[in-house]
Amino acid sequence: MAGSSLFMLIDDIATLLDDVAAMTKVAAKKTAGVLGDDLALNAEQVSGIRAERELPVVWAVAVGSLRNKAILVPLALAIGAFLPWLITPLLMLGGAFLCFEGAEKLAHKYLHAAEEQQEHSERLHALQDPATDMVAFEHDKIKGAITTDFILSAEIIAIALGTVATQPFGTQLAVLVGIALVMTVGVYGLVAAIVKLDDVGLYLTQKPQAISQAIGCVLLNAAPPLMRFLSVAGTVAVFLVGGGILTHGLPTVHHAIEAAAAAAANLGSLLAGMLPSVLNGLFGLLVGMLLVLLLTLFSRLRVGLKA
């Protein structure tokens, strides 16, 4: 009897782990779109740090990220257990914030290009000034990166929670913890690799072997385009993920997109497969631009009333 109970327990654990693996894979797929933006933002946050301090700063931000998730995972589990009706509104809020974030980034880049260039020049000047307090500069960088991470981590955890909302508590716990750990290690491992890419390239160019010098040159030349690609891919992913969350929460829009995809099936399976994502992204872009416009008008109205 005891032996059969043990085998039953092992079988239950194996089944649970199989379910957890499957659900974690689904959750990871749904949250992967946020990672491009997360990766680019965090790599940008540690830019400007002296080479010998880059990895310590990335480590400090990674530790802060784990603390963020240690807060967010129990909070998400509590919401799933006691306020499950709140999951969908939170997902919609997170989707709207993603779209707003992407649209604000575009607006700032193209409408305030001169201001952004001036801020960049001032930052470079401060770094070159021997009187600059580098400890305070690093502290501000770390604080800003951890704040950014908290917002993006909340979005990732919310999406993952929505994926496993109907699963048992044990599965929810395992999936959310697994997603939190995998995302933290993955994102900050890649951030560390990216910020040291140019250093590795410079090191290889100083080697006597021709092949090492060639690889070093490739790495040095690849670093800036890689950052630009991550920034663009992250922005696109923000609209795709945020728009997808919003359209799935709005049945009328979701059904309209499905109908458009079905109509496009006659033109080819590739087009039909891509169309929902494109329409989700365009919807996310539209919502984001609308939110930026409303917030800008509200800010100007508030300033006008104070004056």
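The accessible surface of the protein, computed from a predicted model, amounts to about 17700 Å², and 72% of this area belongs to carbon and sulfur atoms. Of the 307 residues in the protein, 36% are buried. The secondary structure consists of 10 helices and 0 strands, so that the order of elements from the N terminus on reads α-α-α-α-α-α-α-α-α-α. Among contacts between residues at least 6 apart in sequence, 78% join residues that lie at least 24 apart.

Helix H8, which covers residues 210–249 and has 40 residues, reaches 57 Å from its first C-alpha to its last, a span close to the 58 Å expected at 1.5 Å a residue. Within H8, a kink of about 35 degrees is found at alanine 223, shortly before proline 224.

The largest nonpolar core contains 23 residues, of which Val73, Leu91, Ile157, Leu176, Ile179 and Ile245 touch the most other members. Two or more residues of this core are given by each of helix H2 (54–82), helix H3 (87–111), helix H5 (134–163), helix H6 (169–195) and H8, with H5 providing the largest share, 6 residues. When residues up to four places away in sequence are not counted, isoleucine 245 touches Leu91, Met92, Gly95, Leu98 and Ile159.

Definitions and conventions: Residues are numbered from 1 along each chain as its sequence is written. This is a predicted model: local features need pLDDT of at least 70, side-chain atom pairs count only at pLDDT 80 or more; totals for chains, interfaces and linings use all residues. Side-chain values use heavy atoms; hydrogens and water are left out. Helices (H or I, at least four residues) and strands (E, at least two) are DSSP runs, numbered from the N terminus. The expected span of a helix is 1.5 Å times one less than its number of residues. The bend at a residue is the angle between axes fitted to the seven residues ending there and the seven starting there. A nonpolar core is a set of buried Ala, Val, Leu, Ile, Met, Phe, Trp, Tyr and Cys residues joined through side-chain atoms within 4.5 Å. Buried means under 20% relative accessible area, exposed over 50%, partly exposed in between (1.4 Å probe, protein chains only). Contact means heavy atoms within 4.5 Å. Accessible areas come from the Shrake-Rupley method with a 1.4 Å probe; for residues, only the protein chains shown count as cover.
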